[in-house]
Amino acid sequence: MNYLKFSLFLILSFFIILSSSCKKEDKVTVSHEVIAQPSTKNHSLFYSGKIESLVLSTISSPIEGRVKTINVAYGDFVAKDQVIFELESNGVDDNTAEVIVDYLKNKDQISIAEAKLKNEKKLFEAGIIAKNEYTDLKRMRDIDYINFIKSKAKIQDLLNIIGLDISNINKIKLDDVSQITNIINMHNSIPIRANNKGIFLRSSEKNAITLMTGVELKKGNSVGVIANQDEIKVNISVPETDINKIHVGQKVIVTGDGFAGIELEGTVDSLNLYNIDNSGSGTEVSYPVVIRVPNISESILTLVHVGMSAKVEISQHMQGKYFVPVNAVKVKNNTTTVNKVSKSGQVLSEQVKVGRTTPDSIEILSGIDAGERIVFYD
């Protein structure tokens, strides 16, 4: 009986050992081999931002007055030179008549001075008048010219407000009262035009006024901005760990939940390495980076709008000495090694110096040479 039990024990032990051996054989370690070759790794950095207009044109009141009529609403698309609203001057500091008359007087005066100087020059060259007499006349002409330039600058500002060209004024004579009166009346009802095409939006300036009929505006009050969306920008904040990986001109892909399925191609437009933002958690600081996306098509503009959230993918081409898979590098006791195959076929542990990393690879700076075989295991 004891012999039978002993036999059964031996048989059972045999099967346990056999089963254990089979399980060990199932755990096969797979080896991989790479050849050290200079290579370029394509790596991407990801950030979040907001769609903004690259060009914002401010619409403000050129004089003190009251909003008479409004032709567009916030959020509307406006064409260049389209009338946004009409402003009625309240007459405060209105020196329209003086500006027009002063310009016309100086224009006539410089014409007279030029003609007189031309005649006096002939007399001087003929020896009829003295040099100092001619020089004094020339000096007076120069003074008249300076006064003319000053008056021209003033009336140009006035005409820009009214929307007239200076050629309209040059046709008027100083004694043409009706024409001068017409221009003064035009200054009392001024069309404020769009200085660019785009979307008319509210202004965020401190002195901004919401555009409404009847509202009183002071000179310089902003009533809105025009966002030209032919080009857009995305402002992102890059942490200090990444900022040295970013440079102007890098290719960028911009996507967003609000325009799913659309990829906008852009570039890194600028980096501000002096404006540090450390408002985040911990001690890590970040730097403002502007992404520029040019040449937005009309069809895309119907889907991509200012204010939408955006995801930014910055493509990084890393030119390195050798890039090897992460699994090929081992770190123990502050020593970094790889398994290198010698010329005789032996696998040797070789100490290496590593550089940059990507999610799946590590750059080897020294310790291996081109063409050498590196073995690693799963």
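**Reading contacts and pockets in a predicted model**

Reader: Thanks! How many salt bridges does a search of the whole structure find?

Author: Here is the general idea first: side chains of opposite charge can pair when their charged atoms come close. In this structure, the search turns up eleven salt bridges. One of them brings together the side chains of Lys-340 and Glu-372, at 3.4 Å from N to O. That pair ties distant parts of the chain together, since Lys-340 belongs to strand E16 (residues 335-341) and Glu-372 to the loop between strands E19 (361-366) and E20 (373-377), 32 residues apart.

Reader: Is Lys-340 buried or exposed?

Author: Lys-340 has a relative accessible area of 14%, so it is buried.

Reader: Which residues do salt bridges that share partners join into one network?

Author: Glu-114, Lys-138, Arg-141 and Asp-142 are linked in this way. Look at the bridge between the side chains of Lys-138 and Asp-142, where N and O are 3.9 Å apart. Both residues sit in helix H3, four residues apart, or about one turn of the helix. Lys-138 is partly exposed at 35% relative accessible area, and Asp-142 is partly exposed at 31%.

Reader: Where do Lys-311 and Asp-257 lie in the chain?

Author: Their side chains form a salt bridge of 3.5 Å, N to O. Lys-311 is in strand E13 (residues 309-320), while Asp-257 is in the loop between strands E10 (251-255) and E11 (264-271), so this pair too links distant parts of the chain, 54 residues apart. Lys-311 is partly exposed, with a value of 44%, whereas Asp-257 is exposed at 60%.

Reader: Now to aromatic rings. Why is the pair of Tyr-74 and Phe-200 described as it is?

Author: A pair of aromatic rings is described by two things, the distance of the centres and the angle of the planes. A search of the whole structure gives three aromatic pairs. For Tyr-74 and Phe-200, the ring centres are 4.9 Å apart and the planes meet at 15°, so the pair is stacked. Tyr-74 is in the loop between strands E3 (65-70) and E4 (77-78), and Phe-200 is in strand E7 (residues 198-201), 126 residues away. Phe-200 is buried at 0% relative accessibility, but Tyr-74 is partly exposed at 23%.

Reader: And pockets? How many residues line the second largest pocket?

Author: In general, rolling a probe the size of a water molecule over the atoms shows where empty space is left. The second largest pocket holds about 260 Å³ of space. Its lining has 15 residues, with Asn-160, Ile-161, Pro-191, Ile-192 and Arg-193 nearest the centre. Strand E2 (39-60), helix H3 (131-162) and strand E6 (189-193) each give two or more residues to this lining. Sorted by class, the lining has seven nonpolar, six polar and two charged residues.

Reader: One last stop: where is Asn-196 found?

Author: Asn-196 is in the loop between E6 and E7. It is buried, with a relative accessible area of 17%. The side chains of Asn-196 and Asn-228 are joined by a polar contact of 3.4 Å.

Technical notes. Residues numbered from 1 in each chain as written. Predicted model: local features only at pLDDT ≥ 70, side-chain atom pairs only at ≥ 80, totals over all residues. Heavy atoms only, no water. Phe/Tyr/Trp six-rings, centres within 6.5 Å; stacked < 30°, edge-to-face > 60°. Buried < 20%, exposed > 50% of the residue type's maximum accessible area, 1.4 Å probe, protein only. 1 Å grid on protein atoms, 1.4 Å probe; cavity = no way out; pocket = protein on both sides within 12 Å on 5 of 7 lines; lining within 4 Å. Points joined across faces, edges and corners; volume = space filled by probe spheres on them. Nonpolar A, V, L, I, M, F, W, Y, C, P; charged D, E, K, R; others polar. Salt bridge = Lys/Arg side-chain N within 4 Å of Asp/Glu carboxyl O. Polar contact = N/O pair within 3.5 Å; in protein donor to acceptor, adjacent residues only side chain to side chain.
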